[in-house]
Amino acid sequence: MALPGGIVTILHAVLAVFLIIELGLTAYVVSITSGHWYGWWFGSSSVNFMLFNSIWTLLVLAYLAAVPRFAERAYHSLAALVLLGVTTIFWFAGSIALAARIGVPDCDHGSACRGIQTAQAAVAFGFFIWVIVTALTVFEGLGFMRGGGARADTTRKPGNPPAAV
């Protein structure tokens, strides 16, 4: 879908940066909470789900960003819309679950405080990612409604370079 100024491309780039940060934050929380006495407090399932969200969204982003450019016949806007819709739900559910599990703890700057603060940062980035994925879902939905579910570019023949816009 073509929006003026490459808004979708900018959103993809920002999303990629935020996903790398989120992946690092959640991987760190998983690593420090597994096997420690305070690991039960975080609820490892919510942190693990956020880690899954990061990996899942990286794969979805690879499909959204690379496939229309390099293999346009494999791209379909309905598949992209479904993937983005599922990803939006995943990020909202994961961020809410982790935020509810963490709450507002009274941190005494001990060793467990690092994990709590890192998990709080992961929640914040989770909501930022949710907003970006929601915006991408809206843009993809608008493009789907306008284009009727057509593939990325059905007007040009294979082997011909794309037309300059």
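Is threonine 57 buried or exposed? Keep that question in mind while you open the model, which is a predicted one, and begin with the whole chain before you turn to single residues.

**The whole chain**

Show the protein as a cartoon, and you will find five helices and zero strands, so that reading along the sequence gives the pattern α-α-α-α-α. Of the 165 residues, 33% count as buried. Among the contacts with a separation of 6 or more, 81% are between residues 24 or more positions apart.

**The annotated segments**

Next, select residues 7–29, 49–66, 78–99 and 119–139, which an unreviewed UniProt entry places under the feature "transmembrane region". Look at two of these segments in turn. Residues 49–66 are 100% helix and 0% strand, and the C-alpha atoms at the ends of this segment are 25 Å apart. Residues 119–139 are likewise 100% helix and 0% strand, with their end C-alpha atoms 30 Å apart.

**The nonpolar core**

Now hide the surface and select Leu15, Leu64, Leu98 and Leu136, which have the most contacts inside the largest nonpolar core, a set of 27 residues. The elements that give two or more residues to this core are helix 1 (7–33), helix 3 (44–70), helix 4 and helix 5 (111–147). The largest share, eight residues, comes from helix 5. Stay with leucine 136 for a moment and display what surrounds this residue: leaving out residues up to four places away in sequence, leucine 136 touches Val8, Leu11, His12, Leu15 and Leu84.

**Threonine 57**

Move to helix 3 and select threonine 57, the residue of the opening question. Threonine 57 counts as buried because its relative accessibility is 2%, which is under the 20% cut-off for a buried residue. When neighbours within four places in sequence are set aside, threonine 57 is in contact with Leu15, Leu19, Thr87, Trp91 and Val133.

**Threonine 118**

For another threonine, go to helix 5 and select threonine 118. At 12% relative accessibility, threonine 118 also counts as buried. Its contacts, not counting residues up to four places away in sequence, are with Leu25, Tyr28 and Val29.

**Alanine 16**

Then draw a line from alanine 16 to leucine 61: the pair is 45 residues apart in sequence, yet the C-alpha atoms lie 7.7 Å apart in space.

To finish, bring the surface back and select Leu78, Val82 and Val86, which make a nonpolar surface patch of about 220 Å². Leucine 78 is in helix 4, which covers residues 77–102. With a relative accessible area of 40%, leucine 78 is partly exposed, because that value falls between the 20% limit for buried residues and the 50% limit for exposed ones.

Terms used
Residues numbered from 1 in each chain as written. Predicted model: local features only at pLDDT ≥ 70, side-chain atom pairs only at ≥ 80, totals over all residues. Heavy atoms only, no water. Patch = residues over 30% accessible without salt bridge, like charges linked within 9 Å, V, L, I, M, F, W, Y side chains within 5 Å. Areas by Shrake-Rupley, 256 points an atom, 1.4 Å probe, with all protein chains shown as cover. Salt bridge = Lys/Arg side-chain N within 4 Å of Asp/Glu carboxyl O. Helix = DSSP H or I, 4+ residues; strand = E, 2+ residues; numbered from the N terminus. Buried < 20%, exposed > 50% of the residue type's maximum accessible area, 1.4 Å probe, protein only. UniProt positions renumbered as here; feature names shortened; annotations may be inferred. Core = buried A, V, L, I, M, F, W, Y, C linked by side-chain atoms within 4.5 Å. Contact = heavy atoms within 4.5 Å.
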